[in-house]
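Got the viewer open and ready to click around? Here is a short tour, with something to select at each stop.

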Amino acid sequence: MTEELIIAGFGGQGVLSMGKILAYSGIMENKEVTWFPSYGPEMRGGTANVTVIVSDSRISSPVLHEYDTAIILNQQSMDKFESKVKPGGILIYDPNGIVHPPTRTDINIYKVEGTVTAVEMGNPKVFNMIIVGGYLKVRPIVSLDNVEKGLEKSLPARYHNLIPLNLEAIKTGQDIVEKVN
Amino acid sequence: MGELRLMKGNEVLAEAAIRCGCDGYFGYPITPQSEVMETLMELQPWETTGMVVLQAESEVASINMVYGAAATGKKVMTSSSSPGVSLMMEGISYIAGAELPCLVVNVQRGGPGLGTIQPSQADYNQAVKGGGHGDYRLITLAPASVQEMHDFVDLAFNLAFKYRNPAMILTDGALGQMMEKVELADFKPRWTREEIQEISGSWATTGKTASRERNVVTSLEMDPGKMEQNNLRFQEKFKAIQENEVRYETFMCEDAEYVLVAFGTSSRICQKAIELGRAKGIKVGLLRPITLWPFPSEVIASMTCRVKGFLSVEMSAGQMVDDVKLAVFNSGCTVPVEYFGRMGGILPSPNEVIEALESKLINR
């Protein structure tokens with residue numbers, strides 16, 4: 001099993017942390033992982049993206065021209081990455097702020113109303129975990145137990161009281177993800 | 001099994017330095033390697049192992065602090081990125097001339113000049129052909145994973161002390177910023193005063209005792225006859241390094257008709273390119289130099305008579321390709337050697353590598 005995933009959105013949406021939690025969860029499952037961020041001035045307020053690869057075997061390139069799955073969280077990223085999903089692959093997006101929804105018919109498209117649901121849950125910060133939940137429902141590459149362990153490893157101890165809230169957000173995401181095409 | 005963690009390449013350089021018993025780090029911040037010193041400052045090893053961590057006023061100051069501390073037989077290092085490493089070149093030449101061990105890490109970014117902050121391999125020639133003045137060589141290691149960023153810190157120090165020569169880890173912003181699973185080594189204690197005496201007492205300025213001659217550390221020699229003798233001794237040392245320390249890895253080369261030559265990040269990209277190429281029926285393999293100097297010329301020469309061509313894949317304008325050509329030239333067989341690369345902070349993608357292989361070698 002190898003999953004080549006890109007998560008792309010605005011800086012501040014928690015794109016890099018989503019990737020980090022998935023990568024740590026992968027380690028908890030004894031898998032090989034690579035987390036490769038876009039870095040530089042564009043991170044501060046502009047677009048941010050991270051490539052996450054989780055695999056049973058040694059990982060080759062962190063640099064990819066096509067992906068098994070793309071998680072897309074703003075229009076700029078949709079414009080850039082919709083075409084880079086492998087045929088038969090998966091595109092997951094949050095419709096908030098998306099003016100031109102994806103149009104490809106050779107991939108599986110899902111949407112997660114993450115922004116709206118996070119506000120309903122009373123904590124906009126769990127937005128990214130709702131999206132992670134939607135992703136894990138569609139692509140269960142790691143178990144929820146290991147996501148919990150991944151959260152423990154990737155969050156500083158002072159934030160461990162927030163783990164139950166994050167797990168709840170993941171479960172909510174699993175419930176609300178819906179197939180579009 | 002050691003502790004498993006998800007870490008950035010830059011963070012792991014710091015962690016590995018502490019764990020291998022490094023005595024001192026002197027540096028100046030620059031993107032994309034600032035996490036090295038940030039991590040050291042956060043871990044505060046001066047409270048635990050006693051390792052000194054100091055932010056100097058410039059790269060010129062850092063390398064000269066390394067020079068001074070290395071003269072005492074201590075295990076010391078610095079790190080920077082391309083423009084900062086250029087500033088260190090004078091100091092590196094002095095350290096090589098004074099025959100001192102140390103570690104310099106270059107987390108390369110796009111150049112020339114201030115360039116970009118994105119990954120590059122355009123300092124290859126600077127690392128392996130000189131950079132500073134005079135006839136010296138840098139033992140140059142090129143990690144291709146976060147695990148190797150960890151492992152090569154200890155290896156670089158071992159080689160530096162074995163040959164009393166500066167060693168460099170030549171990596172790039174991608175490996176510095178990337179996180180991967182890494183197994184951390186156990187802590188090795190720093191050398192005691194007695195151990196330093198035993199290991200380096202014959203040359204290091206450890207405090208003169210009544211029973212021995214003064215140890216003088218200098219790169220200056222006013223007598224050209226003696227300076228030539230020094231150089232001849234250096235060359236003997238470099239020859240021994242070339243004979244004993246070549247390291248490389250091959251990937252799917254057994255039946256390969258075409259061989260990609262790439263190091264560091266570009267070697268990872270090439271592994272993916274090989275998967276794509278093999279799926280199309282192209283018999284392609286990878287030779288990954290781990291030591292860039294000494295360069296694995298002999299293994300290239302040994303392949304030359306049974307392959308149809310080499311493609312040097314770089315994040316530079318065609319630097320390592322010269323060393324591949326030289327290796328092929330010395331082999332006695334003639335096969336084409338081509339180059340493909342991207343520059344300025346742009347990474348080649350796996351499909352571009354295969355397209356280049358097809359257009360430059362297979363369908364030439």
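Begin with the disulfide: there is one over all chains, where a disulfide means a pair of cysteine sulfur atoms within 2.5 Å. Select B:Cys305 and B:Cys333, whose sulfur atoms sit 1.8 Å apart. The link of B:Cys305 and B:Cys333 is right-handed, with 100 degrees about the S-S bond. Now show the loops around the pair: B:Cys305 is in the loop between helix H11 (297-304) and strand E13 (309-314) of chain B, and B:Cys333 is in the loop between helix H12 (320-329) and strand E14 (337-341) of chain B, so the link ties together parts 28 residues apart in sequence. Helices (H or I, at least four residues) and strands (E, at least two) are DSSP runs, numbered from the N terminus.

Before moving on, a word on what you are looking at: this is a predicted model, in which local features need pLDDT of at least 70 and side-chain atom pairs count only at pLDDT 80 or more, while totals for chains, interfaces and linings use all residues. Residues are numbered from 1 along each chain as its sequence is written, chains are lettered from A and ligands numbered from 1 in the order in which they are written, and side-chain values use heavy atoms, with hydrogens and water left out.

**A five-stranded sheet in chain B**

Stay in chain B and colour the strands E9-E11-E10-E13-E14, which in that order make an open sheet of five strands with mixed pairing. Two strands pair if DSSP finds at least two bridges between them. Which strands stand at the edges? Strand E9 (248-251) and E14 of chain B do, each with a single partner strand, so one side of each has no neighbour in the sheet. On average, neighbouring strands here are turned by 20 degrees against each other, direction ignored.

Zoom in on E9(B) and strand E11 (residues 284-289) of chain B: four bridges pair them in the antiparallel sense. Click B:Phe251 and you can find its bridge partner, B:Leu286, in E11(B).

Within chain A, look at strand E4 (residues 67-72) and strand E5 (residues 85-93), which run parallel and are joined by five bridges. A:Ile71 stands opposite A:Ile92 in E5(A).

Most residues other than glycine have a negative phi, and most peptide bonds are trans. Select B:Thr31 and B:Pro32: a cis peptide bond joins them, with omega about 5 degrees. B:Pro32 lies in the loop between strand E2 (24-27) and helix H2 (35-43) of chain B. Another cis peptide bond joins B:Trp293 and B:Pro294, with omega about 0 degrees. For a positive phi, click B:Gln44: about 45 degrees, although it is not a glycine. B:Gln44 belongs to the loop between H2 and strand E3 (52-55) of chain B.

**Last stop: the largest pocket**

How much space lies in the largest pocket? About 730 Å³, a volume being the space filled by probe spheres set on grid points joined across faces, edges and corners. On a 1 Å grid over the protein atoms alone, a pocket is an open set of points where a 1.4 Å probe fits, with protein on both sides within 12 Å along at least five of seven lines; lining residues have an atom within 4 Å of a point. Select A:Phe36, A:Asn49, A:Val63, A:Lys80 and B:Leu347, the closest to the pocket's centre of the 27 lining residues. H2(A) gives the largest share of the lining, four residues.

Methods. Axes are lines fitted to C-alpha atoms, for helices over the stretch in contact, and angles run from 0 to 180 degrees between N-to-C directions.
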